[in-house]
Amino acid sequence: MWQELRAELHPLGLEVVTVGLDTAGAEACRPFIEAAQPSHPSLTDQQHAVAELFGVINIPNGVWIDENGIIVRPAETAPAPRREERAAAGDMGELPERMVEIFTEAQKIRSDPQAYEAALRDWVANGADSPFALSPAEVIERSQPRDDEAARGQAHFELATHLHAVGKHDAGVEHFRAAHELVPTNFSYKRQAWSLEPGPDGPLQRFWQGPSEGADWPYAGDWLTDVREFGAENYYAEWRP
Amino acid sequence: MIVTTPEITRAEFERGTGWQLRPEGACRGDVCIPIADAAGDSVDVVATADAMGLPVVRHEGLTAVGPWGGSGRTLVTAEAPELTLLDLGGNEFRLSSLRGKKVLLVAWAPY
């Protein structure tokens, strides 16, 4: 989704680096990366290092780093550029009820890809003179809140991903639950955990993120319940230029 | 950072947490947290983490040391930390290799 924009802006000094966040590992990211055929670095992040280091709490998230290695915009929602009209929901008759409900909620999620793309272009053209390139003090101030509770939540999440990755899924679940309790607004912690539970076979499995027949659901919430409670319109914080 | 032994080298601690251990304490950007015996070659992970106020979560033989929540913000400095991750070919890529370019780092997920 970024490939076209990258091709245009790369000669002007921009590089895009995509990071696939998935405890399920590189193989889960592979089909998407190979389909995109990117010419830019495309990495996988099984341990969610970008969460610890940059404060990524949901996806897609973007961070801007200047030529001197200084962050000029901390992790924030980075909607992918829209190159064609978003496809209408189309015929959802074939989908399980839950997926219909998920898509319906997802339609209410708000973001502003045009504003983000315009800001990015402005920065590429104007560098430090761009109003969208923030001062170090602003970058720090705007970075995700992280108090001791949130920091502990991050430690639990990291332990959970490690446990899942070494085959101790049930032990991992306990630590995912702790992370959810400590940082309830972190949808990345939730969606990652939910996506690792059983769901219907096929391409929708990772998106089911909720109870399914024949399996115990080990989490307090699930995608539909939590998004409805949080409000789909609040899913991404409003972008602050 | 996940560790499996009570002590690790100073280099491992610094790489894993992003904090430099100096005589004046544990330092990152403009922040230094004063801790005793910060400059030894071998680091007692839990004691050092506790002294810094880093969260420690354990499961059997594993110890997870979390980030610092002392400032109330994720970033302590605007200097981008080093990020070392693998591409699909298993090759290591370092964010610092892009010095000299503007970088847009985008996190996504297949779920």
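Of the 241 residues of chain A, 41% count as buried. The model is predicted. Chain A holds 11 helices and 5 strands, and its C-alpha trace spans about 55 × 45 × 30 Å along the principal axes. A compact globule of 241 residues would have a radius of gyration near 18 Å, and the 19 Å of chain A agrees with this. In chain A, 58% of the contacts with a separation of 6 or more are between residues 24 or more positions apart.

**The largest nonpolar core**

- The largest nonpolar core has 82 residues, and V19(A), V50(A) and V106(B) touch the most other members.
- Helix α7 of chain A, residues 148-165, gives the most to this core, with 7 residues.
- Domain 1 of chain A (3-86 + 111-142) and domain 2 (148-234) both give residues to the core, so the core lies between them.
- Nonpolar side chains tend to be buried together in soluble globular proteins.
- Within chain A, V50(A) is in contact with V19(A), L21(A), D45(A) and V56(A), leaving aside its neighbours within four places in sequence.
- On the chain B side, the contacts of V50(A) include L83(B) and A107(B).

**A sheet in chain B**

- In chain B, 3 strands form an open antiparallel sheet in the order β3-β4-β5.
- Strands β3 (20-22) and β5 (31-33) of chain B stand at the edges with a single partner strand each, so one side of each is left without a neighbour in the sheet.
- Neighbouring strands of this sheet are turned by 30 degrees against each other on average, direction ignored.
- Strand β4 of chain B, residues 25-28, pairs with β5(B) in the antiparallel sense over 3 bridges.
- R28(B) has V31(B) in β5(B) as its bridge partner.

**Backbone exceptions**

- Most residues other than glycine have a negative phi, and most peptide bonds are trans.
- The peptide bond that joins I59(A) and P60(A) is cis, with omega about -5 degrees.
- P60(A) is placed in the loop between α3 and β3 (61-65) of chain A.
- Q37(A) is a residue other than glycine, and its phi is positive, near 45 degrees.
- The loop between α2 (26-36) and β2 (42-45) of chain A contains Q37(A).
- Q37(A) counts as exposed because it has 8 C-beta neighbours inside 10 Å, where 12 or fewer is the cut-off.
- E60(B) is not a glycine either, and its phi is positive at about 50 degrees.
- The loop that holds E60(B) lies between β7 (56-59) and β8 (62-65) of chain B.
- E60(B) has 9 C-beta neighbours inside 10 Å and therefore counts as exposed.

Conventions: Residues numbered from 1 in each chain as written. Chains lettered and ligands numbered in written order. Predicted model: local features only at pLDDT ≥ 70, side-chain atom pairs only at ≥ 80, totals over all residues. Helix = DSSP H or I, 4+ residues; strand = E, 2+ residues; numbered from the N terminus. Rg over C-alpha atoms; globule rule 2.2 N^0.38 Å. Buried ≥ 20, exposed ≤ 12 C-beta atoms within 10 Å, placed from the backbone. Contact = placed C-beta atoms within 7 Å. Core = buried A, V, L, I, M, F, W, Y, C linked by C-beta atoms within 7 Å. Domains from an automatic or database assignment. Pairing = 2+ DSSP bridges. Axes fitted to C-alpha atoms, helices over the stretch in contact; angles between N-to-C directions.
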